Amino acid sequence: MMRTQPLKVALLGCGVVGSEVARIMTTHATDLAARIGAPVELAGVAVRRSGRERPGIDPALLTTDAEELVRRADVDVVIEVIGGIEPARTLILAAMEHGASVVSANKALLAEDGATLHAAAAKFGVDLYYEASVAGAIPLLRPLRESLAGDKVNRVLGIVNGTTNFILDRMDSTGAGFADALDEATRLGYAEADPSADIEGFDAAAKAAILAGLAFHTRVTAADVYREGITEVTAADVAGAKTMDRVVKLLAICERGEDGTSVSARVHPAMIPRSHPLASVREAYNAVFVESEAAGSLMFYGPGAGGAPTASAVLGDLVAVCRNKLSQTTGPGESAYANLDVRPVGRAVTRYHLSLDVADKPGVLAQVATVFAQHDVSIDTVRQQGRDGDATLVIVTHSATDAALSATVDELRGLDIVRDIAGIMRVEGE
C-alpha cells in the first residue's frame, strides 16, 4: 500500500546535473512514487545566485541559504551536486546530523574525506549513496559494494574520464596533436573552459580512489593514487602505438598486490592492444573492467558524464535511500575492515614502451641492453630504425617496477650514444 505523505528532497545545486535531477523528479513523479512506495517532492533547491530563470522549477523553491535548507526538519533526503570540498562537506554533515540521508555526485570530496562522511552517516543512522560520483550513468559502485560483496576483487581497470578519452580517440583517429584535439573537445562541450582536472588526471584519480576503496575494503584517498595526465602524450606517441597495433588510453588501475596484503591505485596513459575491449571505447564513453575470483571478468560500459546520464545515477540512489527511509533501515555503509597497505607506484609492476634516439653505429644496442640488464629490467621486443647517422630504438620491456625503470632511464640519459629519450609509456592489457 502506497504512503500518501510525500518524502521531501532538498537539492543542492541546479547546474547541468541538478536541473536534470529536478526535471526527472517532476516528469517521472508517478513512476518514482510507484517504485518507492511514496511520493517524492522537492522541498527546496539551493543555488548560488537568485534571480536567474530556471525552466521547469518553481521559483518559490529556490534559495541561496543552503545551510537553512539542509537543516529543515521536514527534509528526508539531501541531493548534493554542487561539487568541490567546501561548502559541500559542511552541508552534507549538517544534513546527516538532522536526520537526512544523502545522495552525492561529489567525487572530489568522497576521495579526499569519504571516511568522515561515512562515519557521520553511521553515527546518525542515515544513508550515504554516491553512484553518480564515478562513471556517470554506468551502474558500477553498487555492484562493487553489494553484488560482489561475497567475492574477492583483484583488479579494477578502466577508462573513467570522458574528456581525455575523447581527446586521445581524436588523436588516434585523425592524427591530430594534443592541442588541436583539446580545442575540438572544448568546442563540442566535452572539455571545460579550464580542463586541468581532466587532462592532468585529477578527476580520474579521485574516481580511482573511490573504486579502490570499494573493491578492496580499504580506505584509499586521492593522495594515495599515482597520477599522470595526458598533456605529455604526443601525436608521435599515438602514431608509434599504431605501428604496434596498439592504442593510447588514460587508464585508472586499482589492483591487489601479489602478497595479498597491499593494494595500489594509479592513473596514467598506457598503450593497450587494439584487440582489448577497452581499445574500442570511443568518444567520451567510459568502460571499466572488474576482475574477481569467482565472477571472473566483468565489463561495465556507457556514457560517463553529462547531465541526463549522471542524473540517472542520482535518481537511482534516490529511489534506494527513499525505500530505506520507508523501511526504517539503511543500506550498506563503509567497508574498510581489510585495512590493506596502499603501496606507492614505485613498487607497482608493469610493462613499458620506450623510444630512444641514439647514434646509428655498431654496439649501440648492446650498450643499451646492458643498462637494462644491470637494473633487472628485461627486454621483450626491440625495433631499430636508422636515418642519417642517427637511429631510433623502440623497446618494450617485460614487467618491471617503476623504480627499476626510473633507474634505467637515468643511466641511459648519461650515455653519449643516447641523443634523447623521445617517449616513455606504460603498456597494459597484455
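These legends describe close-up views of one predicted model. Residues are numbered from 1 along each chain as its sequence is written, and side-chain values use heavy atoms, with hydrogens and water left out. Because the model is predicted, local features need pLDDT of at least 70 and side-chain atom pairs count only at pLDDT 80 or more, while totals for chains, interfaces and linings use all residues.

**View 1. An open sheet of six strands.**
The strand order is β3-β2-β1-β4-β5-β6, with parallel pairing. β3 (62–63) and β6 (128–129) stand at the edges. Each has a single partner strand, so one side of each is left without a neighbour in the sheet. Helices (H or I, at least four residues) and strands (E, at least two) are DSSP runs, numbered from the N terminus. Two strands pair if DSSP finds at least two bridges between them.

**View 2**
Strand β5 covers residues 101–104. β5 and β6 pair in the parallel sense over two bridges. Which residue stands opposite Val 103? It is Tyr 129 in β6.

A search of the whole structure finds one cavity of 30 Å³ or more. The largest cavity has a volume of about 50 Å³. A cavity is a set of points on a 1 Å grid over the protein atoms alone, where a 1.4 Å probe fits but cannot get out. Grid points are joined across faces, edges and corners, and the volume is the space filled by probe spheres set on the points. Lining residues have an atom within 4 Å of a point. Here they are Tyr 129, Tyr 130, Glu 131, Leu 141, Arg 142, Arg 145 and Asp 317. Helix α6 (residues 141–147) gives the largest share of the lining, three residues. By kind, the lining holds three nonpolar, no polar and four charged residues. Nonpolar covers Ala, Val, Leu, Ile, Met, Phe, Trp, Tyr, Cys and Pro; charged covers Asp, Glu, Lys and Arg; the others, Gly among them, are polar.

A salt bridge is a side-chain nitrogen of Lys or Arg within 4 Å of a carboxyl oxygen of Asp or Glu. By this rule the count comes to 26. In one of them, the side chains of Glu 293 and Lys 152 meet at 3.7 Å, N to O. Glu 293 lies in the loop between β11 (285–292) and β12 (296–303), and Lys 152 in the loop between α6 and β7 (153–159), so the pair ties together parts that are 141 residues apart in sequence. Glu 293 counts as exposed, at 53% relative accessibility. Lys 152 counts as partly exposed, at 36%. Buried means under 20% relative accessible area, exposed over 50%, and partly exposed in between (1.4 Å probe, protein chains only).

**View 2. Arg 155 and Glu 255.**
These two side chains meet in a salt bridge of 2.9 Å, N to O. Arg 155 sits in strand β7 and Glu 255 in strand β9 (residues 246–256), 100 residues apart. Are these residues buried or exposed? Arg 155 is buried, with a relative accessible area of 16%. Glu 255 is buried too, at 11%. Salt bridges that share partners join Arg 155, Glu 255, Arg 266, Glu 291 and Glu 428 into one network.

**View 3. Strand β11 and its two partners.**
Six of the eight residues of β11 are buried. β7 and β11 run antiparallel, joined by six bridges. In this pairing, Arg 155 stands opposite Glu 291. β11 and β12 are also antiparallel, over eight bridges. Ala 287 stands opposite Tyr 301 in β12. A hairpin of three residues joins β11 to β12.

**View 4. Helix α7.**
Helix α7 (residues 162–174) has 13 residues. From first C-alpha to last, α7 reaches 18 Å, close to the 18 Å expected at 1.5 Å a residue. That expected span is 1.5 Å times one less than the number of residues. In α7, 11 of the 13 residues are buried, so the helix is largely enclosed by the rest of the structure. Among them are Phe 166, Ile 167 and Leu 168.

Technical notes: On a 1 Å grid over the protein atoms alone, a cavity is a set of points where a 1.4 Å probe fits but cannot get out, and a pocket is an open set with protein on both sides within 12 Å along at least five of seven lines; lining residues have an atom within 4 Å of a point.
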